[in-house]
Amino acid sequence: IRVTNLARTLEQLRRAGFWNLGFDETGEKTLDKSDLTGRINLVFGGEGKGIRRLTRELCDFSIRLPTMKDFGTLNVSNAAAIAFYEAHRQQKDHGL
């Protein structure tokens with residue numbers, strides 16, 4: 001979706017019961033150890049710079065892909081595809 005103000009939208013989604021999950025190469029948890037069931041909003045930053053500071057602050061958790069040391073990141077479209085697949089898999093497994 002397109003929004004005029006991302007920060008305001010993330011705050012509205014949080015008030016509506018969504019968890020804002022930011023994807024970043026320095027994330028606290030890896031994707032395979034993250035709960036992607038329930039009402040979630042996946043947030044991705046731009047390639048190179050990642051998620052902007054205010055957007056990052058509005059995320060409840062930061063998640064990274066479980067990659068090898070010599071292979072830190074993927075481009076954002078590939079990372080998003082993997083994250084969407086894992087979210088779908090977890091929600092399907094929980095009957096959501």
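These legends walk through close-up views of a predicted model. Local features are given where pLDDT is at least 70 and side-chain atom pairs where pLDDT is 80 or more, while totals for chains, interfaces and linings use all residues. Residues are numbered from 1 along each chain as its sequence is written, and side-chain values use heavy atoms, with hydrogens and water left out.

**View 1. The four-stranded sheet, end to end.** Here's the open sheet, with its strands in the order β2-β4-β1-β3 and parallel pairing. Strands here are DSSP runs of E with at least two residues, helices are runs of H or I with at least four, and both are numbered from the N terminus. Two strands count as paired if DSSP finds at least two bridges between them. At the edges sit β2 (29-30) and β3 (40-44), each pairing on one side only.

**View 2. Strand β4 and its two neighbours.** On one flank, β4 (residues 61-64) pairs with β2 in the parallel sense over two bridges. K29 has I63 as its bridge partner in β4, and T30 stands opposite R64 in β4. With β1, β4 makes a parallel pairing over three bridges. Which β4 residue is the bridge partner of F23? That's I63, while L21 is partnered by F61 of β4.

**View 3. β1 beside β3.** These two strands run parallel and share five bridges; N20 stands opposite N41 in β3. Strand β1 (19-23) is mostly covered, with four of its five residues buried. For β3, four of the five residues are buried, so the strand is largely enclosed by the rest of the structure. Buried here means under 20% relative accessible area, exposed means over 50%, and partly exposed falls in between (1.4 Å probe, protein chains only).

**View 4. Helix α3 over the sheet.** Helix α3 (residues 76-93) lies across β1 and β3, running at about 165 degrees to β3. The axes behind that angle are lines fitted to C-alpha atoms, for helices over the stretch in contact, and angles run from 0 to 180 degrees between N-to-C directions. Leaving out residues up to four places away in sequence, E86 touches L31 and L36, contact being heavy atoms within 4.5 Å. On the same terms, A79 touches F44, L65 and L74.

**View 5. The nonpolar cores.** The largest core has 11 residues: L21, F23, L31, L36, I40, L42, I63, L65, A79, A83 and A87. β1, β3 and α3 each supply at least two of its residues, and α3 gives the most, with three. A second, separate core of six residues includes A7, L10, I51 and L58. A nonpolar core is a set of buried Ala, Val, Leu, Ile, Met, Phe, Trp, Tyr and Cys residues joined through side-chain atoms within 4.5 Å. As a general note, nonpolar side chains in soluble globular proteins tend to be buried together.

**View 6. The largest pocket.** About 360 Å³ of space lies in this pocket. Its lining takes in 22 residues, and F23, D24, E25, T73 and L74 lie nearest its centre. Both β4 and α3 supply at least two residues each to the lining. A pocket is found on a 1 Å grid over the protein atoms alone, as an open set of points where a 1.4 Å probe fits, with protein on both sides within 12 Å along at least five of seven lines; lining residues have an atom within 4 Å of a point. Points are joined across faces, edges and corners, and the volume is the space filled by probe spheres set on them.

**View 7. Two loop residues.** G17 sits in the loop between α1 (6-15) and β1 and is partly exposed, with a relative accessible area of 38%. G17 and I40 are 23 residues apart in sequence but 8.5 Å apart in space, C-alpha to C-alpha. T67 belongs to the loop between β4 and α3 and is partly exposed too, at 33% relative accessible area. From T67 to E25, 42 residues apart along the chain, the C-alpha separation is 9.2 Å.
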